[in-house]
Structure formats: C-alpha cells, structure tokens
Amino acid sequence: MKKTMLPIAALMAFGSVAAAEEVHVYNWSDYIDEELLDKFEAETGYELVYDVFDSNEVLETKMLSGGSGYDVVVPTGTFLQRQIAAGAFQPLDYSKLPNAENLWDLIKDRTAEYDPGNEYAINYMWGTTGIGVNVDKVQEILGEDAPLDSLSLIFDPANAEKLSECGIQLLDAPVEVIPAALAYAGMDPDGHDEESLAKAEEVIMAVRPYIQKFNSSEYINALANGEICVALGWSGDILQARDRAWEADNGVEIAYNAPAEGAMMWFDMMAIPADAPNPEGAHAFLNFIMDAENMAAASNYVYYANGNLASQEYLIEDVIGDTAIYPDEATLESLYTTTPWDARSQRTLTRLWTKIKSGI
C-alpha cells in the first residue's frame, strides 16, 4: 500500500492533539483501585498514562529538575510546601473542580499548613506513621506483655536485638523515621537543629545492626507473608498487609498501632506541575477523584482515610469503623505534624540518612 506523507507541520499538529488527549499521572505504588483508572478513561475520553514511585525523594528530584512530563503528581505535605516555594506547581482553577465542595474542612485546615488557602493541591489520602507487628511472633519472642503500641519495640536495643530474629524493617524515608526517633527520645519530633539530628542518629544507630532493610513498599508483603515481624510504616500499608494475610489464610495476624509516644499525621496531596502538558486533563482527573463515590472506592481499596467528607457515606465499615484508619477525635488532637526542611538542613539530613542506611 502506498503511504501518504503528511507535511511536517501537519504531523506536529497531529502529535500535539494526541498528546493533549493523554493525562499523565505519577502516584505512589499500590495506591489506587485500578478499576478507577479505567472508569476515568471511559467517562472522560482521556487516555490515562499512570506511573508509580515509592519515595518522596524520587518525586522531588523530578519536580525540582523541571520537565517531569506529568500532569498530576502526589507529594506528601511537607514536600509539597517546599516544591510550591520552588515554583514547581500551578494554582488550581477551582471553577473546573466542582467536586471540591466534597472536601472535609477539618483536613483542609490541616493541609493549609503546607499550602495556605489550599491554593495548589487537594488532599488524596491521609494517615499516620506507626508500628506494624506480627502479633504471634512478637509475643513469642518478647512475651505476652510486649509493647505493641510503643516505639520501644523498635528503638530499644534490647527489644530490637531479639526481634531481629524474625525481621525488622523501617521506611526508607528520613522525614518519617527521624521524627519517630525523636518522639521516642522525648524530644520535639519536628526538631531540625543539630542537637535533634544528633539525638536521632544516636537512637537509630543503636538499633541499626538489627534492622533488616529500609524500604517504603516491600514491607507490605513481607509482613503479610510472615517474612518480618515488625515494620515502622504507613497505616494504610500495614492494614493492607493485615488484610492480605487474612485473605491468604496463612495464620499471620498483623496489627497496626499509632505509637503511644505520638504518631505523625501525614497528607498525600494531588497537585498539577507548573509545566504540565495537559492542565485541562489534570483538572478533569482531580475532579474525578473528588467525586464522593470514586474517592470512597479508592479508600476502600487502599484502606487509608481521605480528605473527602462526602465520601464517608460510601466507605465500607472496615474502613470508616476502624479507628486505626479514622481515629477518634481525641486521637486526632494528639497527632503531630512536621514542617519542611530548608535546603541546608535537608543536605545535612540526606548525609545523615546515607550514614544510617550504610550502618557506618
């Protein structure tokens, strides 16, 4: 068959139209019901290109270097704040987001700490950072009175040494682990000064020989399969591990506890990069996510709380009725948040984290 050659200008125009029909989303791994992705395409006519990452640091490298190629990204609150200051995002056009009326004022008030006026981002999911345990294994090693809801389970060297027999993993996320170490030491978990970093280093290095791995996604299956017995991780991840173990009927009982010493409250936010190729499609995706039933479907899949009040009537009881996911009002008041690290302290934090992970 004879091929008809299009003029270069026509090819370029065709290419730009094709690109405009795509929406590129960059989200955390294992963080959405994939049926929602198909539903978005069916309802909007856009083709969704969906990529995943497993650390804020990976996302931030792309955002601050420019030209990420994404239309929607999902940074955590503290990273969002720093990236807003760097000009990485464009303000949201709320005239294109009618479903924003579904958002929860309580959560909007908290996220405004990172994004004043919620000008640049909407909340996707929120939760706490805490302790996941294989109850039987931990109690077998430490006894029936094992401190399942205390950071001493991880940061007390006597406990960590014993539990290293069944495996301990920590998040590969210094902005999560450093505050936990400070909370355990009775210090301000939001401390960024040299004294705070020195104390956090002391606490973590004391148990470093007993930490099997630092990772931000593998611990889900490792807990569910009984390959490890303790993880410092995100609430929804650990609850996913609990449910996977139950579905596998493998005899593994996983529990999640927000630490008695205090738990970090975090917020994963959806934002549109300043150089997004398709901001119109990005707004369509955000509005789709903020639909009450769609947001509920996402939470029912990942077992995380979300910032959409209207979605709560569609949440399954295992989600809305679980205080590990939706804490009671008293617990909500006790949760702490952290602030971003400036460029200088971030470099210090990065060096410290490299040292901790290497164990040297």
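1. Start with Ser-235. Leaving out residues up to four places away in sequence, Ser-235 touches Gly-127, Thr-128, Tyr-256, Trp-266, Tyr-304 and Ala-324, where contact means heavy atoms within 4.5 Å. Ser-235 sits in helix α12 (residues 235-248); helices here are DSSP runs of H or I with at least four residues, strands are runs of E with at least two, and both are numbered from the N terminus. Ser-235 counts as buried because its relative accessibility is 3%. The cut-offs are under 20% relative accessible area for buried, over 50% for exposed, and partly exposed in between, with a 1.4 Å probe and protein chains only.

2. Before going further, a word on what we're looking at. This is a predicted model, in which local features need pLDDT of at least 70 and side-chain atom pairs count only at pLDDT 80 or more, while totals for chains, interfaces and linings use all residues. Residues are numbered from 1 along each chain as its sequence is written, and side-chain values use heavy atoms, with hydrogens and water left out.

3. Confidence next: pLDDT is the predictor's confidence in each residue, from 0 to 100. The protein chain averages 92, and 94% of the residues score at least 70. Residues 1-20 stay under 50, and the model has 3 contacts beyond four places in sequence for them. Where pLDDT is low, the predicted coordinates should not be read in detail.

4. Now β7 (residues 230-234). Is this strand enclosed or open? It is largely enclosed by the rest of the structure, because 5 of its 5 residues are buried. β4 (residues 121-134) runs antiparallel to β7, joined by 5 bridges, while β5 (residues 168-170) pairs with β7 in the parallel sense over 3 bridges. Pairing requires at least two DSSP bridges between two strands.

5. β4 and β9 run antiparallel, joined by 8 bridges, and Ile-122 stands opposite Met-270.

6. On to the core. The largest nonpolar core has 123 residues, and those with the most contacts inside it are Tyr-124, Val-138 and Val-230. Such a core is a set of buried Ala, Val, Leu, Ile, Met, Phe, Trp, Tyr and Cys residues joined through side-chain atoms within 4.5 Å. Beyond four places in sequence, the contacts of Val-230 include Ile-131, Val-138, Leu-153, Leu-163, Ile-168 and Leu-223.

7. The lining of the largest cavity has 18 residues, with Thr-76, Thr-78, Val-175, Met-264 and Thr-338 nearest its centre. α4 (77-85), α9 (174-184) and β9 (264-271) each give two or more residues to that lining; the largest share, 4 residues, comes from β9.

8. Last, Ser-150, in the loop between α6 (135-142) and α7 (152-155). At 11% relative accessibility, this residue counts as buried. Its C-alpha atom is separated by 5.4 Å from that of Ala-260, 110 residues apart along the chain.

Terms used
On a 1 Å grid over the protein atoms alone, a cavity is a set of points where a 1.4 Å probe fits but cannot get out, and a pocket is an open set with protein on both sides within 12 Å along at least five of seven lines; lining residues have an atom within 4 Å of a point.
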